[in-house]
Amino acid sequence: MYSRFHIELAIVIVAALAGCRDTHEPNLDSPARQPMQRGVIASALAPGLSHTLVTMDPRAEAYYDNAEAVVTGKRLYAQYNCSGCHSNGGGGMGPSLMDNVWIYGGRLEQIHQTLVEGRPNGMPTWGGKIPDEQLWQIAAYVRSMALPETLAAQNGPTPSQSPAPVPREADEDPGWTPPAGTTNDYTAVTQGR
Amino acid sequence: MRFLSTTILLAAPLAAPAQTVPSPVPANEVFTREQIGRALAAPTPNAGRAQPSSANAPEDDGQWTMPAKNHAATRFSTLKEITTQNVRSLTPAFTFSLAVNKGQEAAPIVVDDTMYIVTAYPNFVYALDLTKPGAPLKWRFAPQPVPASQGVACCDVVNRGGTVDDGKYIFNTLDGQTIALDTKTGKPIWRTQLGNINIGETITMAPLVADGRVYVGNSGGELGVRGWIAALDEQTGKLEWKAFNTGPDKEVLIGDDFKPAYASERGKDLGVSSWPADAWRIGGGNVWGWITYDPELKMLYHGTGNPGPWNAEQRPGDNKWTAGIFARDPATGAAKWFYQMSPHDQHDYDGVNEQILLDLPFDGGMRKVLVHPDRNGYVYVIDRTNGAVLSADPFGPINSSKGVDLKTGRLAINPEKSTKLGVTVRNICPTASGAKDWQPSSFSPETGLVYIPHENMCMDWMNTQVSYIAGTPYVGAEVHMKPGPGGHRGELTAWDPVARKPAWVIKENFPVWSGTLATSGDLVFYGTMDGWFKAVNAHSGELLWQYKVDSGVVGQPVSYRGPDGHQYIAVLSGVGGWSGAVVAGPVDPRDGSAALGMVSAMSDLPKHTTAGGTLYVFAIPH
């Protein structure tokens with residue numbers, strides 16, 4: 001049973017992002033290198049494994065437990081018109097960000113990845129247009145919106161005005177774990193493989 | 001690689017109680033009709049009977065070829081098998097799933113025993129064979145608009161319908177195409193790309209086909225998109241002319257023919273000089289609502305949308321030619337006259353609502369008018385030959401203005417409700433979506449009444465500084481909407497345009513966001529956002545029949561004669577649009593500012609309906 005919640009932490013260097021390529025690194029875009037590269041994982045489907053894969057972009061670390069990051073992110077979120085589509089987290093032209101429902105993953109590095117790359121159904125691509133440091137700060141603020149601490153601080157009809165820092169533990173979960181207390185029978189089959 | 005165990009965080013979904021709908025605005029905070037209604041002359045009902053001309057509304061052939069039914073835009077059917085006496089037995093004849101669960105705002109079109117429907121994005125088109133039991137699918141067409149266009153659609157990914165003319169079904173796609181399909185085969189005859197999503201352009205309106213041309217306009221007033229109307233050759237789809245609604249006269253197609261009724265609309269390049277430097281380039285004035293064509297006068301009428309950004313302090317000036325109505329030459333686009341309902345609009349009062357073309361008794365004689373219930377709360381009766389306002393009366397709650405000065409044509413702004421940077425101005429009526437939005441009225445020549453589906457909502461508004469970033473919202477306002485006086489959020493008003501007052505009013509809990517349909521059976525049909533499709537007595541408003549459909553109704557009901565000779569009523573269900581975004585979203589009801597402030601007033605809608613998308617067709621069992 002102990003293996004039920006084991007998670008593989010694949011530490012990968014995400015240097016191949018649009019707009020922040022590091023020319024000193026080997027060419028990770030090369031098809032020949034694909035088996036070595038995971039990028040930021042945005043799917044719960046890991047073929048054949050008993051558990052969801054999680055990547056950890058080391059650049060994300062600085063934005064956890066960082067009150068300044070979320071406050072700066074809140075300011076940038078308004079300045080760059082994120083609020084025009086996502087309002088104060090409730091959404092509109094774009095989806096809600098405060099309901100903890102994530103189409104492309106809700107961990108900090110996944111949100112950052114979405115900001116950099118854009119998404120097909122209307123999320124613009126911001127990589128290369130907004131400095132990467134600011135994208136991480138915006139991602140931290142967005143990650144904070146669904147935190148119980150941020151939601152609890154809502155006073156009146158406008159949420160996300162007092163964003164709580166994102167605790168590091170919040171993202172140890174891959175984001176697709178069944179609720180606590182869920183009986184899980186399938187692990188027995190794959191244990192020990 | 002290493003393994004470690006994790007903590008489960010946030011595993012249980014958080015309880016998401018919607019915020020409560022704000023208290024209604026007290027009745028004493030809005031002006032009465034008597035305080036602000038104005039007209040150039042007293043009503044003269046004895047001078048004649050309000051009706052469309054026979055050229056604009058020819059004899060009803062039992063089809064429904066265009067969303068507005070005819071060029072007078074009456075949405076009136078002379079069919080009368082369904083009456084006030086038998087409507088209680090009205091039942092569904094068939095239904096059809098649209099396979100799209102977004103706001104369905106289109107009118108079903110019926111020509112030659114075939115029904116044509118276009119859905120919200122991804123703008124599927126269906127042709128149903130009405131001659132066979134159950135109306136099976138004849139063909140279908142998927143235009144495959146660019147998915148990213150969803151990200152620049154301000155207020156749900158709606159489509160307001162297509163139209164059939166000369167063997168073609170002509171419609172627009174969210175990503176800015178106009179497409180003509182062969183009605184026999186469903187294959188494209190031509191496709192013309194008109195919009196560019198990378199500057200925020202989309203198209204949601206229903207094209208108008210008249211005089212051998214297809215007239216189309218763009219959406220994007222919330223994204224700093226410069227508004228235009230274009231005319232395409234109906235046979236080839238090639239652009240014949242394009243007129244912008246901001247900028248220099250030569251791009252607005254203002255020339256020697258331009259003869260507006262009021263001095264404030266006269267002068268060179270007002271579309272430049274009534275803005276801060278270059279602000280007209282990103283100033284809105286989009287054509288996302290209704291276009292009407294008068295074959296007698298050979299004039300085209302279209303409204304223009306709100307100026308951008310919403311924060312009016314960033315654009316001092318009258319902001320020509322936004323929030324008004326243009327009359328143009330259909331062949332060249334040359335402007336004939338313009339009237340600005342809301343100069344320097346501060347409240348998102350687009351001027352794009354329908355124009356119903358009537359001959360109306362006024363000042364002892366008959367006048368050729370257009371009747372236009374505007375977002376700003378007034379029913380305008382305008383002489384459509386010259387753009388002069390004959391009367392302007394409130395049909396919804398108003399305190400943002402104090403009436404229209406009929407000498408100058410100018411709206412009298414109430415400075416107490418002017419919007420300000422960093423200050424929340426409370427209880428502004430009507431709300432940003434207006435006393436009435438795009439949802440079209442109908443007119444019955446038999447009752448002489450205009451059946452106006454509308455809202456009873458107000459708002460709190462705070463201006464915020466906004467920068468223009470191409471392809472993103474350019475709004476600059478934090479808005480929270482709320483119910484108007486009385487607490488109900490919608491009304492169906494039967495408006496007497498001659499007497500200039502309502503004959504009756506039905507109050508609805510939610511905004512009435514569907515169009516209305518009037519029939520010769522003395523009936524008016526409309527739908528509610530919580531999913532009731534209703535028939536009421538056209539003379540009294542008495543509810544005679546209602547049927548609960550699968551999702552809220554924001555579409556346009558129509559009536560046609562089937563191949564079997566019987567009368568049918570058709571409507572799309574599927575809640576959405578701006579007011580329904582909290583259901584069609586995904587939008588979180590805990591954020592009152594979500595969906596441009598609409599969620600504040602609509603946070604309880606998810607308790608009443610879910611997203612859907614179905615065609616319903618009703619008949620008397622036979």
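**Notebook: strands of chain B**

I began with β30 (residues 457–463) of chain B, which pairs with β31(B) in the antiparallel sense over seven bridges. I took strands as DSSP runs of E, at least two residues long, numbered from the N terminus. Two strands count as paired if DSSP finds at least two bridges between them. Met457(B) stands opposite Pro483(B) in β31(B).

I noted the ground rules next. The model is predicted, so I kept to its limits: local features need pLDDT of at least 70, side-chain atom pairs count only at pLDDT 80 or more, and totals for chains, interfaces and linings use all residues. Residues are numbered from 1 along each chain as its sequence is written, while chains are lettered from A and ligands numbered from 1 in the order in which they are written.

Then I looked up the sheet around β30(B). Three strands form an open sheet in the order β27-β30-β31 (chain B), with antiparallel pairing. β27 (424–428) and β31 (477–483) of chain B stand at the edges with a single partner strand each, so one side of each has no neighbour in the sheet. The twist averages 15° from one strand to the next; axes are lines fitted to C-alpha atoms, and angles run from 0 to 180 degrees between N-to-C directions.

Next came β35 (residues 523–527) of chain B. Is this strand covered or open? I found it mostly covered, with five of its five residues buried. Buried means 20 or more other C-beta atoms within 10 Å of the residue's own, with C-beta atoms placed from the backbone. Leu523(B), Phe525(B) and Gly527(B) are buried on one side, and Val524(B) and Tyr526(B) on the other.

I followed the partners of β35(B). β34 (residues 517–519) of chain B pairs with β35(B) in the antiparallel sense over three bridges. Leu517(B) has Phe525(B) as its bridge partner. Three residues lie between these strands in their hairpin, where Asp522(B) takes a positive phi near 60°. β36 (residues 532–537) of chain B also pairs antiparallel with β35(B), over five bridges. Val524(B) has Val536(B) as its bridge partner there. This hairpin has four residues between the strands, and Gly531(B) in the turn has a positive phi of about 100°.

Last, I checked β24 (residues 388–394) of chain B. Six of its seven residues are buried. β23 (residues 378–383) of chain B pairs with β24(B) in the antiparallel sense over six bridges. In their hairpin, Gly387(B) in the turn has a positive phi of about 85°. Two bridges join β2 (residues 38–39) of chain B to β24(B), running antiparallel.

Note on methods:
Buried ≥ 20, exposed ≤ 12 C-beta atoms within 10 Å, placed from the backbone.
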